[in-house]
Amino acid sequence: MLAVGFGFIFSADDIPSEIYEDPAADESFTRIGHKQKGNEIVILGKYGREVIKKRKLFVFAIGGFSFLEEIELYRSDVTGWYYEKSSNTKYLGVLGGGISCFPFNGKISLSIEYDNRRGLSGMIGFRF
């Protein structure tokens, strides 16, 4: 079994809705820290071996990467407004494994997998 996929990890956006980009130089600020802005995008590949032929049961490994936008957030002690000091794209590795089977006509697969970024997932796939 060989597969390629992509997905999204939806994040609970815990940053304020209104953020200014350039902090004023004459105010004092409190550093809030690094926060994820938006959702994480995952690109991965799967490679598996069939372990029970009559049941079409596969065991597979997952490898890939994900990326997200991370900002450094500050709050003005004077106005209470939030400021984005910097922004960068953060890349993270994805590793995991799972099991898959083709219970119906051999074209549709059902799988359960686990990886270090998405946790436990269920998937439905189609074979061409």
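This dialogue goes through a predicted model, from its overall fold to single residues.

Reader: What should I keep in mind about numbering and confidence before I start?

Author: Residues are numbered from 1 along each chain as its sequence is written, and side-chain values use heavy atoms, with hydrogens and water left out. Because this is a predicted model, local features need pLDDT of at least 70 and side-chain atom pairs count only at pLDDT 80 or more, while totals for chains, interfaces and linings use all residues.

Reader: How many helices and strands are there in the protein chain?

Author: Helices (H or I, at least four residues) and strands (E, at least two) are DSSP runs, numbered from the N terminus. Here the protein chain has zero helices and seven strands, so that its pattern along the sequence reads β-β-β-β-β-β-β.

Reader: What does the radius of gyration say about the protein chain?

Author: The radius of gyration is taken over C-alpha atoms, and the globule rule is 2.2 Å times the number of residues to the power 0.38. For 128 residues the rule gives 14 Å, whereas the protein chain has 21 Å, which is well over that value, so the chain is more spread out than a compact globule. Its C-alpha atoms fill a box of roughly 70 × 20 × 20 Å along the principal axes.

Reader: Which strands pair in the antiparallel sense over eight bridges?

Author: Two strands pair if DSSP finds at least two bridges between them. In this model strand β6 (residues 108-115) and strand β7 (residues 119-126) are such a pair, and they form a hairpin with three residues between them.

Reader: Is Ser66 buried or exposed?

Author: Buried means under 20% relative accessible area, exposed over 50%, and partly exposed in between (1.4 Å probe, protein chains only). Ser66, which has its place in strand β4 (residues 57-76), counts as buried because its relative accessibility is 0%. By contrast, Leu2 in strand β1 (residues 2-9) is exposed, with a relative accessible area of 72%.

Reader: What does the side chain of Ser66 make a polar contact with?

Author: A polar contact is a pair of N or O atoms within 3.5 Å; within protein, one must be able to donate a hydrogen and the other to accept it, and residues adjacent in sequence count only if both atoms are side-chain atoms. The partner of Ser66 is the side chain of Glu40, at 2.5 Å. In the wider sense of contact (heavy atoms within 4.5 Å), and leaving aside neighbours within four places in sequence, Ser66 meets residues including Ile41, Lys90 and Arg117.

Reader: Which residues form the largest nonpolar core?

Author: In soluble globular proteins, nonpolar side chains tend to be buried together. A nonpolar core is a set of buried Ala, Val, Leu, Ile, Met, Phe, Trp, Tyr and Cys residues joined through side-chain atoms within 4.5 Å. The largest one here has six residues, Ile9, Val42, Leu44, Phe60, Ile62 and Val94, and the elements giving two or more residues to this core are β3 (29-52) and β4.

Reader: How many aromatic pairs does the structure hold?

Author: Rings of Phe, Tyr and Trp (its six-membered ring) pair if their centres lie within 6.5 Å; planes under 30 degrees apart count as stacked, over 60 as edge-to-face and the rest as tilted. The structure holds nine such pairs, among them the edge-to-face pair of Phe6 and Phe8, at 6.4 Å centre to centre with 85 degrees between the planes.
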